[in-house]
Every structure is written in C-alpha cells, then in structure tokens.
Amino acid sequence: MRILFYTGKGGVGKTSVAAATALRCAQRGYRTIVLSTDAAHSLGDSLGVELRAEPMQVLPNLWAQEINALHELESSWGEVSRYLAELLAWQGVETIAQGELSVIPGTEELFSLLQIKRHYDEQKYDVIVVDAAPTGETLRLLSLPDIMRWWIARLFPIARALLKVVRPVAKRVTDMPIAEDEVLASAQQAIDALVDVRHILTDQQVTTARIVMNLEKMVIREAQRSLTYLSLFGYAVDAVVVNRILPANVDHHFAAWRAMQQEYAPQVEEMFEPLPILRAPHFDREIVGPELLHQLADRLFHDRDPAEFLYHGPVQRIEKMNGGFDLIVPLPFASEDQIHLAQSNDELLISVGWHRHRIVLPQSLARLRAQDAYFEDSALRVVFRKDAATSQTSQVM
Ligand SMILES: Nc1ncnc2c1ncn2[C@@H]1O[C@H](COP(=O)(O)OP(=O)(O)OP(=O)(O)O)[C@@H](O)[C@H]1O
Ligand SMILES: [Mg+2]
C-alpha cells in the first residue's frame, strides 16, 4: 500500500496534479483510488466525470471519490457534538453559536481523512492519492489527533471516574446535561480512529507528502512553511511540484511574468534541495479530462513511476550523547529566533512561528531537561541533559 498526499496553497494545481498522478499509477497497473478531502470538490471536474461520496470506478484500475465531509462528521462525531451543543445551551450560549462551537472549525475535513483508514484497512487498492485542502488547514488538522490523544490520556479517565460518582447525584440536583457512557465511548472511538489515521500518514514506509507550488513569492513561502510543519509533525515529504511554468515562447504580455518565474526557479532549487522537483508547464488551456491529465503526468514524471519514493528524507530521531540524549527534529528553513521550547514532565512544546506542536517524550527523555536547542544541518537539535536539581534521582537509561 502506498499513499501520496498532495498539499499546497489554494489554486496552485493540487487537484490536477493529484488526478494526473492517479491516472498514471492506474495506467502502470496499480489499483488506484484518488480521493478529495477538500469540501470544495473539483476532482470530478478535473477527471471529467461526476463523482460521488462512495468510490466509483472511472477508468481501468482507477477509482475516485469526493468525500462527503458532513456525512463523515455526522457518523463519527454527531453524538459528541450534539452533547456539546446541549451542554453549551445549558450554559446559556446562543443557539447559533452552539452549532459552531460544538464542532471545531475544520473538523469536517479531519473526519474525511477517516476514509484513508478505511481504504488502508480494506487493502483493496495499491495506491491511494489524496487531494487535500489548502496547506494551513490540512496541516493544522493533521496535528489535531495528537492533541486529542493527549486529552484522552489525561482527561478521559478523570472524566469517566468523575461521572461514575457525579452522574446519579447530578441527575437529581441539577439539570446539567450529563454525558452518557455512549457519548464518551463514541468520542473515544472517533479519536482512536483519528490517531490511527495519523499513524498511517506518518508511516514513512507508506505515506509521503508532495507540496505543489507555483513560481510566485507568496506561494513559495507558503510551500516552505508547509515543509517545516510537515517535518515537525513527522510526515515525510518526497518531492515538491512546481506547476504552471511559463514556456520560453510566451508573447510580450507575459514576458515580465516569465522573467519573474525565471528568477524564482533557482531559488526554489536552493530552498528545497535535496528534495526532487517535479515540473509542469503552464498549459494553454485548463486541464480537464484524461487526455490532458495524461499530458500533465508525462511532464511531471516522464518515465518515472509516480508511486516510487522519490526521496528518503531524514526523520525525527534520538541520539545518545555523553550525559544525556539529543532529540533531532528535521526542521528545514526554520530560524532560531522563531523557535520556542517549553518542557513540562513528559511533554515538550515546540513553537515554530505561529504553530505549536506537542511531543510526548519517550521515558528516557522525559526524565531529563531540555537544556539547549540549536540548528544544525536543517535540523533542530534539542539537547537533553540531567537537570542539576534532580540529578540525584534521575537515571540516564
Ligand atoms: N499547468 C497548468 N496549466 C494550465 N492550467 C492549469 C495547470 N494546472 C492547473 N491548471 C488549471 O487551474 C485551475 C486550478 O487548478 P486545480 O483545481 O488543480 O488547483 P487546486 O490547487 O486544486 O485548487 P484549490 O486550492 O481550489 O483546490 C484548474 O482550472 C486547472 O485546470
Ligand atoms: Mg483542488
């Protein structure tokens, strides 16, 4: 099983590139499914067929699916969100806000990702190509299961224990809606499934992400940022895609535009090195239907197999050092002043710019202190050493 996850800023060509990739995979004999998790679907338009929420065969070896996010949300989280809404209503929160507050923004797309787990579990396909929602959202969502797992680990046992005691009493003395066991069980089940999805997507033997971009300043910056965040969250990236490259023979109207692209092209190589760059020209028409998608695939992959691992990158790892351990987090392009570390017990909070990531530390690190952090070879090296105050009691494994 191979999973290819396409991400990138809005409008750069994710859907087209994902569809072209899937088409080429199918042509090479892989049983392939391409699915879009973006609520604003355009995968069907790209393939030139009307798609449904369930997988539908569109060509030999090729299936496609436009996931119904609301349906996924309802079936996995409906009960929980209804309880939350009830609870909010009880607290006097206005009804309009209720619906919104009981569903974390973007949760729909998160639950769409459960379809990946379904296909992974069923093993019906060789390749899953994911056409994801634009960058920021997807990355934030992908990191959510971690946070949820943290909540589950810390709060649910307490909540459960508390409810056993409180529920009979609370039913009598207050009209506060009390979560039934089924609601907690259903929340637990949904979160477990999301944690599974995260495992699948961070399994570097299975999944790699590919970042799609155009040669424009803002788009390149966004692509850089997503590479940092993907690395931070433990997702492997095996290529970047530069789409819509203007050819040499553009008329004078686009000459300045092409000159600008020519300026950015080498910068992109420097920035994303050693990742391979897949390139596609700006076509003279929109890319709709199998014929044009095949042409796009030709330009992107030439004779290469799109399902190959195009790059094997560094992963987050721990090195044993004199008197402690170093945690090495590959974080290309992040600069030192953007990084903030905070440790409490077995957790390390890494802040990169506006994004925060919580790592639950392995035992051997949790007993030590994060004393220093610096950049080395596009990686953040966090130095864990015995804390002077606790060195009497802490043992280095
Ligand atoms: N290389 C290209 N040359 C010409 N047109 C292109 C190229 N790549 C994509 N397009 C066209 O640009 C439009 C947007 O592409 P696409 O839908 O693939 O982008 P996207 O990143 O998925 O957008 P969104 O973020 O809205 O989902 C489509 O009409 C598509 O046919
Ligand atoms: Mg799209």
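Predicted model: local features only at pLDDT ≥ 70, side-chain atom pairs only at ≥ 80, totals over all residues.
I find 4 strands in it, running β9-β10-β15-β14, with antiparallel pairing. I checked the ends next: β9 (317-321) and β14 (369-376) are the edge strands, and each has a single partner, so one side of each has no neighbour in the sheet.

**β9 and its partner.** I zoomed in on β9, which pairs with β10 (residues 324-330) in the antiparallel sense, over 5 bridges. I wanted to know which residue in β10 stands opposite Glu 319. I got Asp 326.

**Cores.** I looked up the largest nonpolar core and got 75 residues. Ala 64, Val 130, Met 213 and Val 241 have the most contacts inside it. I then asked which element gives the most to this core, and it's α1, with 8 residues. I also noted a second, separate core of 14 residues, with Phe 325, Leu 327, Leu 331 and Leu 380 among them.

**Val 130 up close.** Leaving out residues up to four places away in sequence, I have Val 130 touching Ile 3, Leu 4, Phe 5, Tyr 6, Leu 35, Thr 37 and Ile 116.

**Around ligand 1.** I count 19 residues surrounding ligand 1, and the closest are Gly 13, Thr 15, Ser 16, Phe 283 and Glu 286. I sorted the shell by type and got 6 nonpolar, 9 polar and 4 charged residues.

How values were computed. Residues numbered from 1 in each chain as written. Chains lettered and ligands numbered in written order. Near = placed C-beta within 6 Å. Nonpolar A, V, L, I, M, F, W, Y, C, P; charged D, E, K, R; others polar. Core = buried A, V, L, I, M, F, W, Y, C linked by C-beta atoms within 7 Å. Buried ≥ 20, exposed ≤ 12 C-beta atoms within 10 Å, placed from the backbone. Helix = DSSP H or I, 4+ residues; strand = E, 2+ residues; numbered from the N terminus. Contact = placed C-beta atoms within 7 Å. Pairing = 2+ DSSP bridges.
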